[in-house]
Amino acid sequence: MGSLILMLLLCGTPAAWAQAPKVFRVAILTNAFSP
Amino acid sequence: MEGKNVTFEARAAQGDTSRLPELASELVGLKPDLLYCNGTAAAQVCAKTTERLPILFAEVGDPVRLGLVKSLARPGGNITGMANLRPELTAKRLELFKETVPSLRRVLVTYDPRQPEDQESVAVARTAAGRLGLMLLERPIGAPLEMEPGLGELREGGRDGILIVQSGPHLNILGRSLEVATSNNIPTMYPASFWTKVGALASYGPDQYLQGKQAARLAHKILAGTPPRDLPVELPDRIEFSVNLKTAKRLGLKVPPPALNRADRVIE
């Protein structure tokens, strides 16, 4: 039980977890020189 | 915001277009939500590498003529982006060069004949040069060292100049031309104001910062779920003419007031 509470405290509630914003991944290709 | 809701994975070919296919395959293998390609060569390679992932391009002259999209209004497929009108702006660029340096008689244009947009830009420059009474010194090259004889033909004094028709680092035409122009006192006309800030005499072309903002808006729409085929290709919001008066002074040139009045940006 204690570990479940700890997990909820660390990760937030399951509902909030489901609403976590998506992190989009953008790939970039250029013929230029890298910065 | 980077790191919060978006992450970036970038690959740069360091001016060597032969590396682009390998780098594009590597990026496609990462299964990104969006593939952003900067420059004509990169966009062409990305389009060949994936027909599934959304692709956004920038710094491409005419994407319809290159076969990247079916039309500007309805791109079709998995790709859209920003067209920079590179060949179309060449005539106006040469005209403004002549207005900025009225003594101009011979203009060197170095280009890669393997690049369709280079060829097209030179053809536009040729027609404009005839109209303006200028001699166009056309020098096709296939390797960076091949541009040296053409650059060596130019003499200081305001009769000779360099017109740049490229926007990318391919063959290092932009960088090397400016080096020689600076050491030999030759006036130059570039396609972007970045180059006037670093010593070119003048530039005429799309505002690159604003182009980046426009591309970011398109990227946002694609990431929010709009397929690229439904997003028309955008043209630059703003085309700017820029003059560097410090360079003019160093070259011993007086820029006529009408040209200065037309400039959107004057570096003093």
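Two residues are in contact if their C-beta atoms, placed from the backbone, lie within 7 Å. The structure shown is a predicted model, in which local features need pLDDT of at least 70, side-chain atom pairs count only at pLDDT 80 or more, and totals for chains, interfaces and linings use all residues. Residues are numbered from 1 along each chain as its sequence is written, and chains are lettered from A and ligands numbered from 1 in the order in which they are written.

**View 1. Two helices of chain B pack against each other.** Helix α3 (residues 86–100) and helix α4 (residues 116–132) of chain B pack at an angle of about 35 degrees, and their axes are 8 Å apart. Helices (H or I, at least four residues) and strands (E, at least two) are DSSP runs, numbered from the N terminus. Axes are lines fitted to C-alpha atoms, for helices over the stretch in contact, and angles run from 0 to 180 degrees between N-to-C directions. Among the residues of α3(B) that meet α4(B) are B:Thr90, B:Ala91 and B:Leu94, while the α4(B) side includes B:Ser121, B:Val124 and B:Ala128. By class, this contact of α3(B) with α4(B) has eight nonpolar, three polar and five charged residues. Here Ala, Val, Leu, Ile, Met, Phe, Trp, Tyr, Cys and Pro count as nonpolar, Asp, Glu, Lys and Arg as charged, and the others, Gly among them, as polar.

**View 2. Strands of chains A and B pair in the parallel sense.** Strand β1 (residues 24–30) of chain A and strand β1 (residues 6–12) of chain B are joined over seven bridges; two strands pair if DSSP finds at least two bridges between them. A:Ile28 has B:Ala10 as its bridge partner in β1(B). In total, 13 residues of chain A are in contact with 33 residues of chain B. The side of chain A that touches chain B has nine nonpolar, three polar and one charged residues.

**View 3. B:Lys31 has a positive phi.** The phi of B:Lys31, a residue other than glycine, is near 50 degrees. B:Lys31 lies in the loop between α1 (20–29) and β2 (34–38) of chain B. B:Lys31 is exposed, with 11 other C-beta atoms within 10 Å. A residue is buried if 20 or more other C-beta atoms lie within 10 Å of its own, exposed if 12 or fewer, and partly exposed in between.

**View 4. B:Glu59 also has a positive phi.** For B:Glu59, phi is near 60 degrees. B:Glu59 is found in strand β3 (residues 55–60) of chain B, and B:Glu59 is buried, with 27 other C-beta atoms within 10 Å.
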